[in-house]
Amino acid sequence: MILKYKVKERLLSQNNTFLVRQTMVPIETDFRHVELPELAITYFKTFEQRERAFRQTVHTLIPRKYAGPWRFWKDFTNMSSEKLARLVKEPIAWVPCNPRDCLAFATPLQVLTAARLNAIQTQPNSAISINKLAADFGIQKLLHQPVRTLSGGETVKVAMAKAYIASFYVHQLAVASPFTWLSEKNRIYFEKVCTQFKQQNLPAALFSLEEEDSIHSIHPGDPYEAPSANVNFTLLFKKVRLSLSSSLNLLNSDSFYVYVSDFEKRFISPCLLTGDNGQGKSLLARILSKAVSFQGVAEIESDGCCGTARLLFQDVMTQTLLRTFESLAVSPQCPDGQKVFKCYDLIVAKFKSAWHKANLMPPETPQREGTDAHSLLEIKMMLAAVRLNARPSALILDEPDWGLTRAAAIALVSSIINVAHQWDVPVILISHKPWWRTIAQSRIRVKKTDVCDNSFSIDLHASEVI
């Protein structure tokens, strides 16, 4: 079944006129085939719609992690030699919604070397210097760092560099949500890849969510409902240091050390933590939530609660561990999940209220039961409910817009902040997007400073503190 679309064309950006931006609303939702206009962007209303279209473009060779364990293993077992042979015959350069999923090797150097060998084998005259390519994509200092330790923005820059080399031996490019991971400053790398494919006369299929690339802050017409009360907290870092292994071979590895500058300030929630790609935002969140081992003291104190914060990852699929929706609510502290489901219902109610007060219609209505495959929006709400139910010293939302349209992300953040403040839990938003500037009651900007070849320091700078 070929999809039909209603199309509205407009420019992608002020300084990038070679991309045609198309808002395409599918009349039928059973994605089977998507036409690939040259360097055009297709916009979708939900994460699930976009993923169906993207998976079809890459011959459904990506198992769905967002639809529960049953769907994942069904997709995995349905991978056929015929589909793999088709991909070998007509190779595609693809960057999925989590760019780490297209990087099969341990370090960026290994990833780019493998892509370069494929390019030379296909076109002997296409030899390209990896060092030059790394410099062009701003990843020259990351070549020997483990992929698993890279930030989201650094990972997508590596994926873009790989796609650039792949333009010499693939038939087309497919990218999901290119604007979610890259800060505005780093979008030049995405444009660089698109320009390369245009020069090679290769089509590019770019799959995005509505207003994902918007640069507008939250305004009165958006589905955001301000919390009725403020919550204060103190952020403390003292002599924090952690090490990152540079190699899977421990006998020949060097040690990368990360330091966090000493810092102690009091803030008002919601607090916005900003910084360009690779500056250490997500790493700070993992330190505060004790998700990584480190030396020193890192804690948040709020209303007498001092200690561990809870974190909602950017790509929440890695946080579900392929568990079912109902099992996410179960924990030793809540064996039947009922308290978590009550918190979930509160978040859903606030989510609907935000849309209603803005006189807007939500793209989907979250629910608790009646389906065997819950949406990404519902999963995010459930994971937030689990963490709030633990009454943490703070809830950290790492790039909460991942997988959502701009409006849905704003309504979700609004609902979580309102419920969190009702329970005196402060909220820290981590984002490089300008959407949250108008709602942030305090801000922290992070910047990475090189200490030596194998080490760097993360410095924090506060504004609007109390």
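For the linings described below, Ala, Val, Leu, Ile, Met, Phe, Trp, Tyr, Cys and Pro are classed as nonpolar, Asp, Glu, Lys and Arg as charged, and the others, including Gly, as polar. The model is predicted: local features require pLDDT of at least 70 and side-chain atom pairs pLDDT 80 or more, whereas totals for chains, interfaces and linings draw on all residues. Residue numbers start from 1 along each chain as its sequence is written, and side-chain values rest on heavy atoms, with hydrogens and water left out.

**Cavities**

- A cavity is a set of points, on a 1 Å grid over the protein atoms alone, where a 1.4 Å probe fits but cannot get out; a lining residue has an atom within 4 Å of a point.
- Points are joined across faces, edges and corners, and a volume is the space filled by probe spheres set on them.
- Seven cavities of 30 Å³ or more are counted by this rule.
- The largest cavity has a volume of about 130 Å³, and 15 residues line it, with Glu51, Pro63, Lys65, Cys97 and Asp101 nearest its centre.
- Helices (H or I, at least four residues) and strands (E, at least two) are DSSP runs, numbered from the N terminus.
- Helix H1 (residues 47-57) gives the most to the lining of the largest cavity, namely four residues.
- The lining of the largest cavity comprises eight nonpolar, one polar and six charged residues.
- The second largest cavity has a volume of about 110 Å³; 16 residues line this cavity, and Ser151, Gly152, Gly153, Lys281 and Ser282 are the closest to its centre.
- Helix H6 (152-166) and helix H9 (281-288) are the elements that give two or more residues to the lining of the second largest cavity.

**Second largest pocket**

- A pocket is an open set of points with protein on both sides within 12 Å along at least five of seven lines.
- The second largest pocket has a volume of about 620 Å³, and of its 28 lining residues Arg100, Arg148, Leu150, Ser151 and Arg286 are the closest to its centre.
- H6, strand E7 (231-245) and H9 each give two or more residues to this lining, and the largest share, four residues, comes from H9.
- By class, the lining of the second largest pocket has eight nonpolar, 12 polar and eight charged residues.

**Helix packing**

- Axes are lines fitted to C-alpha atoms, for helices over the stretch in contact, and angles between N-to-C directions run from 0 to 180 degrees.
- Contact means heavy atoms within 4.5 Å.
- Helix H4 (residues 108-122) packs with H6 at an angle of about 10 degrees, their axes being 9 Å apart.
- H4 is therefore roughly parallel to H6, a term for angles under 35 degrees.
- The contact involves Pro108, Val111, Leu112, Ala115, Arg116 and Ala119 of H4 with Val158, Ala161, Lys162 and Ile165 of H6; eight of these residues are nonpolar, none polar and two charged.
- The axes of helix H12 (residues 376-389) and helix H13 (residues 406-422) come within 11 Å and cross at roughly 15 degrees, which means that H12 is roughly parallel to H13.
- Leu377, Lys380, Met381, Ala384 and Leu388 of H12 meet Leu412, Ile416, Val419 and Ala420 of H13, a contact with eight nonpolar residues, no polar and one charged.

Conventions: Parallel < 35°, antiparallel > 145°, perpendicular 65-115°, else oblique.
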